[in-house]
Each structure stands twice: as structure tokens, then as C-alpha cells.
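Subject: Handover of a structure for your review

Dear colleague,

I am handing over the structure below for your review. My notes on what was found in it follow directly after.

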Amino acid sequence: MATATKRSKPEKALVIFLLIAGGVLVSIPFLWMISSSFKPENEVLAIPPTIIPDNPTIENYIKLFTSMNFAVYLRNTIIIVLFSFLGLLFNAMAGYGFAKYHFKGREKIFYLVLATMMIPGQVTMIPVYLILNAMGLTNTMAGIILPGLAVAFSIFLFRQFMATIPDDLLEAARLDGAGEFYIFFRLITPIAKPIFAVQGILTFIAGWNSFLWPLIIANDESLYTLSVGLSLLQGQYANNFALQMAGAAFMVIPIIIIFSFFQKYIVEGFTMSGIK
Amino acid sequence: MKQLLNNRHPYMFIAPAVILLTLFSLIPILVALVISFTDMNLKGLADWSAVSFIGLENYKDLFSDATFIKSIFNTFFYVIIGVPLVIICSLSIALLLNYGTSWIFNTFRAVYYMPSITNIIAVAVIWGYLYNTEYGLFNYLLSLISVDNIPWLQEPTIAKISLIILAVWKGIGINMIIFLAALQGIPKSYYEAAEMDGASRLQVLFHITLPLLRYATFFVTVTTLIGWMQFFEEPFVMTDGGPLDGTISIALFIYQEGFQYSEFGYAAAGSFILFAMIIIVTVFQFKVQKKDTEL
């Protein structure tokens with residue numbers, strides 16, 4: 001930090017105090033969720049509410065799997081996440097293609113890709129539904145997965161990163177007789193690890209949280225994702241807040257754990273992408 | 001030989017993503033534009049011959065639709081209050097977080113980022129409970145300082161503000177990270193020079209830090225404004241537009257017309273009006289930005 005040497009103690013104490021106060025305020029919903037999810041059904045409605053459960057129980061979590069089909073929702077969500085990583089690979093390949101090759105129409109195609117970023121989701125939502133309907137893909141897993149695979153913003157970030165890789169490296173590999181795909185998978189992907197880390201975690205979060213599209217496309221409960229299942233739970237058990245909180249915690253906690261492991265990459269990723 | 005490879009490979013690399021984008025982003029825009037001039041609905045989906053061109057009818061109807069007008073009003077309400085709040089909050093937090101590098105700062109960076117990666121349904125479930133008039137934590141805390149129960153989601157204006165609070169809470173994370181990345185990019189020599197000249201901390205903030213954050217601020221303002229003009233998830237999951245259409249936004253209106261009433265043509269027309277508004281606002285911002293830098 002710039003002026004670290006000249007800082008007074010009280011000033012630092014004030015900054016930390018403000019950070020903690022704001023942090024607690026921001027965390028209240030999470031803390032309340034976790035605390036309530038361990039309360040029995042009658043305690044969760046008690047006034048005044050207990051901050052730490054008097055009779056902690058994990059019954060709510062068990063009930064997610066016995067009364068609701070959370071195992072099925074979890075499986076579907078994991079399938080979506082896995083396929084979204086395939087999409088990530090497509091985006092990386094496209095980013096590399098735009099950055100490292102000269103070919104006819106490169107600029108024009110890239111501008112089209114960028115243009116898709118500016119279109120509000122509401123414009124394409126209905127036509128995409130009509131297109132999937134015409135392809136017979138409504139109410140199928142493919143219909144849920146396909147529209148989200150290619151992400152323009154992700155292609156853009158990959159291109160920005162790949163452009164910084166020196167051409168000499170590729171030429172040297174080509175002289176050694178390496179094929180283009182070998183170069184990409186064996187040479188480029190290790191170099192591009194940081195951007196893969198950022199994009200990987202963002203892809204995971206987006207896949208895990210995907211809600212609106214599964215809701216529109218899936219009619220059968222067997223295709224529901226965790227978030228669609230959770231909103232079903234909210235409707236069915238409107239007054240059982242303890243169960244609702246357990247469902248929410250089941251969705252939120254894995255994300256928080258994964259995020260806390262990888263969070264440093266996210267800040268670095270934004271610094272890297274040159275948004276300053 | 002190499003020339004041939006170079007001709008074929010680039011297309012192989014970009015093909016999967018570009019084909020998917022074409023199918024699910026570019027073609028849909030054209031489809032949307034076409035159907036916005038038709039009376040496409042559920043009947044038309046089964047039988048294309050039942051669809052007919054009605055010119056600008058949808059667009060005319062929209063501007064005499066009281067719900068649509070209300071949704072425009074509500075969206076501006078969200079944008080005018082929400083956008084400045086998000087920017088001020090995320091900038092202040094980024095400045096605080098940039099103060100040090102110890103584990104405390106790293107931990108709190110994660111804490112402030114958490115809401116933005118939280119699933120929207122989980123958010124709705126948690127906040128629905130917090131906002132609950134009888135059993136909610138907020139009203140209980142207020143009752144401790146003898147404030148009457150607040151109908152957080154039952155009164156149109158209060159409900160709008162409740163949704164804004166929630167959206168600001170959720171929106172801080174990503175913008176804070178962008179500001180933080182920009183702050184870390186400011187060369188230390190600037191601060192050192194200012195210190196040698198004896199500038200006070202407030203002077204440094206207003207004459208060095210904030211001006212150097214100009215591009216980050218512009219980026220955040222543009223993206224946040226675009227995001228808030230499409231305000232959708234919060235009213236969708238919390239209130240479904242109610243009470244009395246008090247929280248309905250333009251995006252939610254489009255969704256309801258499209259997927260609840262299956263008026264695809266009408267909804268598509270609505271989406272183009274929203275698109276036009278976003279473009280106008282964004283172009284206006286770029287114009288103002290340009291003027292700023294010229295001065």
C-alpha cells in the first residue's frame with residue numbers, strides 16, 4: 001500500500017471497525033439462514049426469535065431428501081454444471097481463434113459476438129423458446145443446456161488474455177511439427193491457467209445457480225434444478241421457514257466454500273482483463 | 001501446406017461457440033423483430049397459418065397499456081434510487097478494502113462479495129423470511145426500538161424500496177471487485193508525490209484517487225445502469241410484480257406477457273422498446289463521458 005508507513009493507528013482501527021460493521025450487516029441474511037435451518041419447526045416461529053437454536057436439529061436437511069426430491073434436483077444441477085464446462089472450453093477455443101489467427105471475416109465475426117452482449121435477455125428469451133420448441137427440445141435436458149453454452153463475455157475475456165501470448169511461442173511449436181490442436185491443449189491451456197481459473201469459477205457459479213431457463217423449459221419435475229426445486233419448496237411449505245432455510249443453505253453453502261478457495265483469482269482476473 | 005492449415009483451423013476453433021451464439025443470440029433477435037409485428041400467441045405456436053402481420057399495432061397497444069406505463073415508471077424508480085446507491089456503496093467498500101492487505105481485508109472482501117454469487121431463489125427465500133411481517137427478523141428488531149410493524153412487501157412504495165435494498169445488497173460484490181482492481185492499478189508514485197507535497201488524505205482522495213478511477217466508474221455506471229434497466233429477478237421471485245402492480249418492472253412485464261399469457265408478439269414488441277431505451281441511455285452516457293474528457 002502506498003502510504004502505509006505514515007498511517008496512524010486510530011485511522012486503521014476506524015477502517016477495520018467500519019469494515020466489520022458493514023460486513024456483519026451484509027452477512028445477517030446468511031447468518032440468519034444458517035441459524036434458522038437448524039431450528040425445529042415450532043422454534044423458527046417463536047417470538048422473540050432465538051439467535052442460536054435452543055434445540056438444534058438436522059431434521060430439516062434430511063427432510064429435503066425424504067419429502068422433496070432434492071437428490072434429483074442435485075443430479076440435474078450437476079449435469080448442467082458439467083456441460084457448462086464444455087461450453088467454457090468452446091469459449092476458450094473461440095477466444096484463442098480470434099486472438100491468434102488471421103482469417104477472413106475475423107473482425108466482422110468478432111464484432112457480431114460483441115454485439116450479442118448488448119442485447120437484453122428479454123429480447124431473445126421468447127424467440128429462443130420458439131426455436132427450441134421448433135427443434136422439439138422443450139422439456140429436455142438438451143434444451144436447458146444448449147442456449148447457455150456460448151457466452152460472449154467469456155469469449156471476449158479469453159481473447160484479451162490469449163492476445164498477450166507471444167506468437168513466437170506458437171511458431172516455435174509449429175516448427176517442431178506440433179499440430180494446431182496439440183498446441184492449444186498442451187501449450188496454451190497451461191499458460192492460460194489464471195484466466196481458466198476465473199472463468200471456471202464464474203461458470204460453476206452460473207451453472208449451479210441457473211434458474212430461469214430450467215424453469216421455462218422444464219415441465220417434468222425430473223428435470224428440475226436445485227433452484228427450481230427450492231422455489232417449488234417455497235410454494236409448498238410456505239410457512240415452514242426452517243425447511244426453506246435448510247433448502248437455501250443447501251444451495252448457498254457449496255458456492256461459498258468453493259468461492260472462498262478461489263476468490264483471489266477473481267480479483268486478479270479482473271485486473272488482468274484490463275478493466276481499469 | 002501451412003497456409004492451408006491456417007485457413008481451416010481458425011474456423012474450427014471458433015465454430016462451436018459462434019454457431020451456438022448465432023443460433024441462440026443472433027437469429028433470435030431477427031425472430032423477435034419479426035414476431036413483434038405479428039399477433040403470435042399460443043395458438044400461432046401450434047398453427048403458423050393463424051399468425052398474421054398487424055404492423056405497429058403491438059407498439060401502439062403497449063403505450064395505452066396501463067400496466068406497461070406503470071412498469072416504466074417503476075423501472076425508473078428502481079434505476080434512479082438503486083444505481084447511485086450501488087455505485088456509492090461499492091466504491092466506499094472498495095476504498096476501505098484497499099486500505100490494507102492483511103487477512104482481515106481478504107476475508108471481508110469475500111464477505112462483501114458473497115451476496116452477489118448467491119442464488120436468486122435462495123435470496124428470495126431468505127429475504128422473504130427476513131421481510132415477513134409477523135415472524136421476520138427486521139420487524140422484530142424494529143419492535144425492540146418500538147417501531148410498528150412495517151409491511152415490507154405489502155405496500156407498493158415500501159415494496160419497491162424493499163426490493164431496492166435487496167438488489168443493492170446483491171449488486172455490491174461485482175462492482176466492488178472492479179473498483180478494487182482499478183485501485184490496485186494506481187501507481188504508488190502518485191501517492192508518494194502527493195505525500196511529499198503535504199496533501200491531506202481527503203485531498204488525495206478527491207484529487208488523485210477519484211479522478212484516476214474515472215474509467216472504472218464509467219464502466220461500472222454503464223453496466224449497472226443497463227443491469228438495473230432490466231431489473232427482473234428481484235420482483236419476479238419476491239413479489240411477482242404485486243401488490244397492485246406496484247413492483248412490476250418492464251422486464252417482468254415482458255416475461256409475464258410472454259410466458260404467462262403466451263402473447264409472444266406483444267411481449268417481443270415490449271422487449272424492443274426496452275432495448276431502445278437501453279441503447280438511448282447508453283449512447284447518452286458515452287456522449288456525456290466524451291464531453292467530460294474533452295474539458
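**Findings**

Of the 295 residues in chain B, 43% are buried, where buried means that 20 or more other C-beta atoms lie within 10 Å of the residue's own, exposed means 12 or fewer, and partly exposed lies in between, with C-beta atoms placed from the backbone. Please note that this is a predicted model, in which local features need pLDDT of at least 70 and side-chain atom pairs count only at pLDDT 80 or more, while totals for chains, interfaces and linings use all residues. Residues are numbered from 1 along each chain as its sequence is written, and chains are lettered from A and ligands numbered from 1 in the order in which they are written.

**The two chains**

Chain B contains 14 helices and zero strands; helices (H or I, at least four residues) and strands (E, at least two) are DSSP runs, numbered from the N terminus. The radius of gyration of chain B is 24 Å, whereas a compact globule of 295 residues would have one near 19 Å. This radius is taken over C-alpha atoms, and the globule rule is 2.2 Å times the number of residues to the power 0.38. Along the principal axes, the C-alpha atoms of chain B fill a box of roughly 80 × 75 × 40 Å.

Chain A has 13 helices and zero strands. Its radius of gyration is 24 Å, well over the 19 Å that the globule rule gives for 276 residues, so chain A is more spread out than a compact globule. The C-alpha trace of chain A spans about 75 × 65 × 35 Å along its principal axes, and buried residues make up 40% of its 276 residues.

Contacts, meaning pairs of residues whose C-beta atoms, placed from the backbone, lie within 7 Å, were also examined by sequence separation. Among contacts between residues at least 6 apart in sequence, 75% in chain A join residues at least 24 apart; for chain B, the corresponding value is 67%.

The domain assignment of chain A gives domain 1 (4-61) and domain 2 (68-236), with bounds that come from an automatic or database domain assignment. The centres of these two domains of chain A, taken over C-alpha atoms, are separated by 35 Å.

**The interface and the core**

Between the chains, 79 residues of chain B are in contact with 79 residues of chain A. On the chain B side, helix α1 (residues 2-35) supplies the largest share, 21 residues. That side divides into 62 nonpolar, 13 polar and four charged residues. Here Ala, Val, Leu, Ile, Met, Phe, Trp, Tyr, Cys and Pro count as nonpolar, Asp, Glu, Lys and Arg as charged, and the others, Gly among them, as polar.

The largest nonpolar core has 152 residues, and those with the most contacts inside it are A:Ala94, A:Ala248, B:Ala17, B:Ala122, B:Ile126 and B:Phe179. A nonpolar core is a set of buried Ala, Val, Leu, Ile, Met, Phe, Trp, Tyr and Cys residues joined through C-beta atoms within 7 Å. Helix α8 (residues 156-184) of chain B gives the largest share of this core, 14 residues. Domain 1 (4-61) and domain 2 (68-236) of chain A each contribute at least three residues to this core. Leaving aside neighbours within four places in sequence, A:Ala94 is in contact with A:Ile155, B:Phe13, B:Ile14, B:Ala17 and B:Val18.

**Selected helices and loops**

Ten of the 14 residues of α5(A) are buried, so this helix is largely enclosed by the rest of the structure. Among the buried residues of α5(A) are A:Gln122, A:Pro127 and A:Leu132. α5(A) is followed by A:Gly136, whose phi is positive, near 70°.

In chain B, α6(B) is mostly covered, with eleven of its eleven residues buried; B:Ile120 and B:Trp127 are among them. B:Gly136 is found in the loop between α6 (120-130) and α7 (137-144) of chain B, and B:Gly136 counts as buried because it has 22 C-beta neighbours inside 10 Å.

B:Leu244 is not a glycine, yet has a positive phi of about 50°; B:Leu244 is exposed, with 11 other C-beta atoms within 10 Å. B:Ser262, also not a glycine, has a positive phi of about 55° and is partly exposed, with 16 other C-beta atoms within 10 Å.

Yours sincerely

Technical notes: Two residues are in contact if their C-beta atoms, placed from the backbone, lie within 7 Å.
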